[in-house]
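Here are my notes on the model you asked me to look over. Please read them with the structure open beside you.

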Amino acid sequence: MNDNKNTVTKIFDDKFLPLVEGVNQIVSDDDHRYSLWDKQDQPEHFNSYVLNDIGELVSLHLTKVDIINWELISSCSSLRKLTIIRSEILEIPDAVLKMPSLVELDFSSNRISTLPVFSNFNKNIKELILHGNNIVEINDSVWGLSKLNTLILSDNNIFEVSDKIKKLQNLMHLNLSGNDLEFIPEGIGELKKLVNLQLESNKITKLPSSIGLLKNLQVLFVSDNKIKKIPDEISSLSNIRFMIFDGNELEEIPEVIGGLNVLSSLSLDNNKIKVIPKTMIKMEVLSYLSLVNNPLPIPDPSFHNLTAQEQIQTLLEIQQSTTMPLKQAKILVVGDERVGKTSIINRLLGNPHHENQTSTQGIDIYELSFDSFDTNIWDFAGQELTHQTHQFFLTERSLYIYVLDAQKEDNQARDLHWLNTIKSYSENSPIIIVANHFDQNVNYHFDKLRYQENFQIVDVIYTSACNLNSLTEGQRRCIGDSINKLNQAITRQLPQLPGIKRKLPESWHKVKRAMEVFKQEQNVIDKDTYELECIKNGVIGKPLQSALLKILNSIGTVVAYPNDFRLRMTQILKPEWVTNAVYKIVRSQSKVPGIYSEEAIGEILNGEYTYTHQQWLVDLLIKFELGFRLFERNELLIPMRLPSVMPEFSKSYYQQGLNIRFNYHRIGLLKLNVLPQLIVRMHQYIDENTTKYWRNGMFLRLKRCQGVIIADEPNQCIEVYLTNRDDEARNLLQWLRSNLEKIEQSQVNASQNKTLPYKEEVALFDDDSNVVGYVDYQRIERAFRNGKEEISLEIKNLETGEVDDHDFNVASLLGLYQRTSKQNLEITGVIHFLVRALLRLTDVRAKVIDEGEDDINDRLRESLISGGYSIKDQSRGGFSGSGEGVGERDLILLDEYGQQATIIEAMILTSAVKSTISSHFEKLVNNYNTQGNKFDFLVTYAKVKNFNGLWRNYIKHLESVKDMTENFSNKLNVKVGISQLLIEDSEQTRKIIHIMVNLGVKP
């Protein structure tokens, strides 16, 4: 809506005012960015109209209208576009079809059952959209609409399409999804201009051979039908870019598919495909391939995370090899300290119980076979200090044994901690509960039903690790042969683990055996050694080598982090070599509590690790957020080793601004690692003029706003006090919220309803700025969304202590804790905001330089949210629900109606690789512009020494970029350019704004 009221054109005839009363006037239809294919995603009540220069109504968009003045509408002689949706319309009135200027008609989501005879009326219709009605038949008059370029009849009850459809020679977009069609006529092949064809969710068994005549076709979506074969004629679709065949009955992919030279996205999920053709190796442009839920010889679920070319290469190699089942797994034994985990494992190994068994100090690993399945059993230390380090080694597709002490009282908080930990790293892995020391408390009962709904508990074993001959007759009778029962339970579960029976090429097994021999003699297996071993045994190419490495990591043969750029230098390690070093560091005291110099780490490791390996271990601790580098002294700070005593400070000083608490409500939900991890994630905001941090808190600063965060473990809450009540405080609060959510994501994933384990409660203030109560922040947000002006909340009288209700203004209260005003999406404003936000990254180069694309995007995302922009959650990979948004979209800015306004695609560049630059640009240009954005952004995080040289080569590779850097002051750290593109089949243009920020290189 135009904010400058003096320039808004007025409607020229007052008689039309009733039509637009209470309706938004917009400058053009581009201001509401609806996708033709995503009608179900439109706002509930978005009503708008457009006037021409002389005040005549040219476009009218109405939603949920009870009474429609058809006579007045039909008298709008200049009306070109009429949209009335969700309004219970039963038929299209004749008067509407007689309107001389009408070219676009959209009556979606109504109750129309019969189409009118269009031949009696206006034949100038170019767009006819009747999605979501009750239409059964398409009468012949529709085929006479010779100017029609868009026909959308999706989600109706249409059972047949006439061969006369070939008369629609100007048709470019056809959507017949969600009907009852069993076949498509051959005449469709004569629609020479057709660009987009959607036939999803019908009963189609065969595509017509004439489909190969659609030379201009770019989009073909036919998912959820009964198609058994893709016709060879598709080889003639020289312009096809996107194809979806999900949910059909395909048993093979035709050889000719390899000749589709511009196909960039192909989805074949949920079919019966057993092999892929060799010709697919030629599909170099293909950037997205999905083959989920097909009987293909997929070696590992991580296969689906590979690029399209890597998937093709992997499958072709496997199809040509002899295969054998893996039949190996990892068993992880977890639980509190001194509950008898090691003793239970000893009994499984056939060893006698030792009364003076020492506690595991890190992780011990044992090998044991169960029938024909080999396992690596990992025995984890139970000390609470080591719990956060377990995440290094917990893996999915493993069997978990949770050992507890039956002598201790039933402890739901303890059980939930371990069960949630397991689920967060391996949601569907089976869990065996072992209640040890049952001989000391035979009345103990583990409440399996309490947890069964949320966790994969497959068995409960009551046992004692003691030698049976040391127990009384009564105790032996209660326990029985429980160790044998545990052995049987493990034997039952192993064959059911995902992937354990999956067949792998013989060459992969050879590499696995070689790695097992290597690790008996060496602690570190260099990346080059691993790759040479792979090549020697016929595992050629990095995609296959990486997939195999992930499998070896998941079964516990090695420890590897092939996807983390900081940890690639030394990829393959003997598990004990890593675990022992990590636990030594985190359990050791330091001269200055929590701070470890390089010399100190060397002394802790006792000279057993080279300097390079020490740096790798430090990077590992940083990756899993156990610490961060103090770059000014090149030291490592581990917050969990900081003093736990809170320093003295003026609490009243900090409480004069915003007051917030994150209330966990239930004992055990606030984990001891939360504040240390929060210190790691937010250390760039540490107030250097204070004592900075302690184990359970930290001091923050953002410009003039100071703050303190305190973990109150007895009361199970995190208290936050900020000195200001301005945008700086709100920005700091937003960054805190986001980081806390990410830390607690494991608990969110583990919970049944996917909710956070805490409620954010914000302070209420009286007229003298005293805190008089707290309220659930979500309650205020809900009241604001529902349009409430005031809300009644409970407050406490500070003088009398009495509690009373008081009315608060919702907008004012919400405005304290978040920015309620939204940024406009005018191109210049967005560019300048993004440039400022990206330049702020250069202030924290030392931190950002080690971060990956997702982490840096998160920083940018928080800056945009804090700046008042609405951001859609990141979507990495795949098609959207409608099939439109194909590919990886990093950040999406939304307009005031919640619709997509512009896309920010981001990438990291360490050199000017033309293929990388071009592929990101092409994705943004061709894959993402499904809703007619007028401008989008391609952001580059440059990690190079020669920033200017990279920018020159960037422009050279893309050619279309016009350098606009001269308009910006900080040319050393930011470059800006613009590409202007002509939108196909229109006179409109689209801009791609290129912004490159200089993050430098590691010192």
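Predicted model: local features only at pLDDT ≥ 70, side-chain atom pairs only at ≥ 80, totals over all residues.

The points below go from the whole chain to its sheets, and then to its cavities.

1. The protein chain contains 26 helices and 44 strands. Of its 1003 residues, 57% count as buried. Among contacts with a separation of 6 or more, 54% are between residues 24 or more positions apart.

2. The six-stranded sheet. In what order do the six strands of the open sheet lie? The order is β16-β17-β15-β18-β19-β20, and the pairing is mixed. At the edges stand β16 (363–370) and β20 (457–462); each has a single partner strand, so one side of each is left without a neighbour in the sheet. From one strand to the next, the twist averages 20 degrees.

3. Strand β18, residues 399–405, pairs with strand β19, residues 431–436. The sense is parallel and the pairing runs over six bridges.

4. Helix α9 covers residues 482–493 and lies across β15, β16, β18, β19 and β20. Its direction is at about 165 degrees to that of β20.

5. A residue in a loop. A465 sits in the loop between β20 and α8 (473–479). Is A465 buried or exposed? Its relative accessibility is 3%, and because buried means under 20%, A465 counts as buried. A465 and S482 are 17 residues apart along the chain, and their C-alpha atoms are separated by 9.3 Å.

6. Strand β36 (residues 870–872) is joined to β39 by three bridges, and the two run antiparallel. Within this pair, S870 has L894 of β39 as its bridge partner. Strand β40 (residues 900–909) also runs antiparallel to β39, with four bridges joining them. Here I892 stands opposite I903 in β40.

7. The three-stranded sheet. Another open sheet has the order β24-β26-β25, with antiparallel pairing. Its edges are β24 (595–596) and β25 (628–630); each has a single partner strand, so one side of each is left without a neighbour in the sheet. β25 and β26 pair over three bridges in the antiparallel sense. F628 stands opposite L637 in β26. Helix α15 lies across β25 and β26, running at about 120 degrees to β25.

8. Cavities in general. Rolling a probe the size of a water molecule over the atoms shows where empty space is left. How many cavities of 30 Å³ or more does a search of the whole structure find? The search finds five.

9. The largest cavity. About 140 Å³ of space lies in the largest cavity. Its lining has 16 residues, and those nearest its centre are L326, R397, P498, G499 and I555. By class, the lining divides into nine nonpolar, three polar and four charged residues. Two elements, β15 (328–334) and α12 (542–554), each supply at least two residues of this lining. The largest share, three residues, comes from β15, a strand that also belongs to the six-stranded sheet of point 2.

10. The second largest cavity. This cavity has a volume of about 80 Å³. Which residues line the second largest cavity? They are Y596, E598, I601, Y611, Q614, Q615, V618, R629, N634, E635 and L636. Sorted by class, the lining has five nonpolar, three polar and three charged residues. α14 (598–604), α15 (611–623) and β26 (635–637) each supply at least two of the lining residues. The largest share, four residues, is from α15.

Note on methods:
Residues numbered from 1 in each chain as written. Heavy atoms only, no water. 1 Å grid on protein atoms, 1.4 Å probe; cavity = no way out; pocket = protein on both sides within 12 Å on 5 of 7 lines; lining within 4 Å. Points joined across faces, edges and corners; volume = space filled by probe spheres on them. Nonpolar A, V, L, I, M, F, W, Y, C, P; charged D, E, K, R; others polar. Pairing = 2+ DSSP bridges. Axes fitted to C-alpha atoms, helices over the stretch in contact; angles between N-to-C directions. Contact = heavy atoms within 4.5 Å. Buried < 20%, exposed > 50% of the residue type's maximum accessible area, 1.4 Å probe, protein only.
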